[in-house]
Amino acid sequence: MNIFFELLSAEFVLRCIPNGGKAVFLRATLISLMLYMLAIGLKSSASEGAVLAFSYKQLLKEIADTVPWLGAIFGGAYAALYTWFSSQWAYLSDLYNHQMSIALTVNDHQFDEETYTRWQAAYIEDAVSMHLETKMGISNVVYELLQDDGVRTALENDVHFGKEKVKKLTKRIEKVIGVEK
């Protein structure tokens, strides 16, 4: 069932390109085409006297009659996906800004280094779960955080992340930002 929703939402695209304008456009296009073809199939099969046999001529007629549907479906899919991306970007930016603000304004005796380190590791986890870790701007932050031994250890010891995932993430980020080892 999970593969069905990944296919229908075109989330597989996010394995190839980071979440952003290009990914939103490509996903909206794929979703629109899938839903549009489904809608045409349902309309055609539900019409009076329908015969369940493929007809190229009938398909072209259905497309000519319903092409505005494609625009409406695309508009809805694009708006939904872009709103989702935008809110994820805003959340991650806000989280980073809060972390920097705390680091700059809290006195040393009020500062819990271990909690702050886990909070920074959580930033990386959130970036990865939102498919934003390789997005320009965020990838540099993730790379810098991964250079901190405490953050790296927190991620490696995390049940949902682990050493292997940290290793793969580090390689991906280094490739994106052009770090040579």
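Gln-120, Tyr-123, Ile-124 and Ala-127 in helix H4 meet Ile-138, Val-141, Val-142, Leu-145 and Leu-146 in helix H5. Here, contact means heavy atoms within 4.5 Å. Helices (H or I, at least four residues) are DSSP runs, numbered from the N terminus. This is a predicted model, in which local features need pLDDT of at least 70, side-chain atom pairs count only at pLDDT 80 or more, and totals for chains, interfaces and linings use all residues. Residues are numbered from 1 along each chain as its sequence is written, and side-chain values use heavy atoms, with hydrogens and water left out.

**Confidence**

- The mean pLDDT of the chain is 91. The pLDDT score is the predictor's confidence in each residue, from 0 to 100.
- A score of at least 70 is reached by 97% of the residues.
- Among the elements of the chain, H5 has the highest mean pLDDT, 96. Helix H1 (residues 2-8) has the lowest, 85.

**H4 against H5**

- H4 and H5 pack at about 140°, and their axes are 10 Å apart. Axes are lines fitted to C-alpha atoms, for helices over the stretch in contact, and angles run from 0 to 180 degrees between N-to-C directions.
- That angle makes H4 oblique to H5. Angles under 35 degrees count as roughly parallel, over 145 as roughly antiparallel, 65 to 115 as roughly perpendicular and the rest as oblique.
- The crossing of H4 and H5 is left-handed. A crossing is left-handed if the near helix is turned anticlockwise from the far one by less than a right angle, and right-handed if clockwise.
- By class, the contact of H4 with H5 has eight nonpolar residues, one polar and no charged ones. Ala, Val, Leu, Ile, Met, Phe, Trp, Tyr, Cys and Pro count as nonpolar, Asp, Glu, Lys and Arg as charged, and the others, Gly among them, as polar.

**H3 against H4**

- Helix H3 (residues 56-105) packs against H4 (residues 113-129) at an angle of about 165°, with the axes 10 Å apart. So H3 is roughly antiparallel to H4.
- The crossing of H3 and H4 is left-handed.
- H3 brings several residues to the contact, including Tyr-91, Leu-95 and Met-100. Among the H4 residues they meet are Tyr-116, Trp-119 and Tyr-123.
- By class, the contact of H3 with H4 has 11 nonpolar, three polar and one charged residues.

**H6 against H7**

- The axes of helix H6 (residues 149-156) and helix H7 (residues 162-177) come within 7 Å and cross at roughly 130°. This makes H6 oblique to H7.
- Arg-152, Leu-155 and Glu-156 of H6 make the contact with Gly-162, Lys-163, Val-166 and Thr-170 of H7.
- The residues of this contact divide into two nonpolar, two polar and three charged.

**Two residues in H5**

- Val-142 sits in H5. Val-142 counts as buried because its relative accessibility is 0%. Buried means under 20% relative accessible area, exposed over 50%, partly exposed in between (1.4 Å probe, protein chains only).
- Leaving aside neighbours within four places in sequence, Val-142 contacts Tyr-123, Ile-124, Ala-127, Leu-169 and Ile-173.
- Val-142 and Glu-125 are 17 residues apart along the chain, and their C-alpha atoms are separated by 9.6 Å.
- Ser-139 also lies in H5. With a relative accessible area of 2%, Ser-139 is buried.
- Neighbours within four places aside, Ser-139 is in contact with Glu-133, Thr-134, Ile-173, Val-176 and Ile-177.
- The C-alpha atoms of Ser-139 and Val-176 are separated by 7.5 Å, though the residues are 37 apart along the chain.

**Loop residues**

- Thr-134 lies in the loop between H4 and H5 (138-146). At 16% relative accessibility, Thr-134 counts as buried.
- Thr-134 touches Pro-18, Ser-139, Arg-172, Ile-173 and Val-176, not counting residues up to four places away in sequence.
- His-131 is in the loop between H4 and H5 too. Its phi is near 60°, a positive value in a residue other than glycine. His-131 is partly exposed, with a relative accessible area of 23%.
- Ala-10 is found in the loop between H1 and helix H2 (21-46). Phi of Ala-10 is near 55°, again positive in a residue other than glycine. Ala-10 counts as buried, at 0% relative accessibility.
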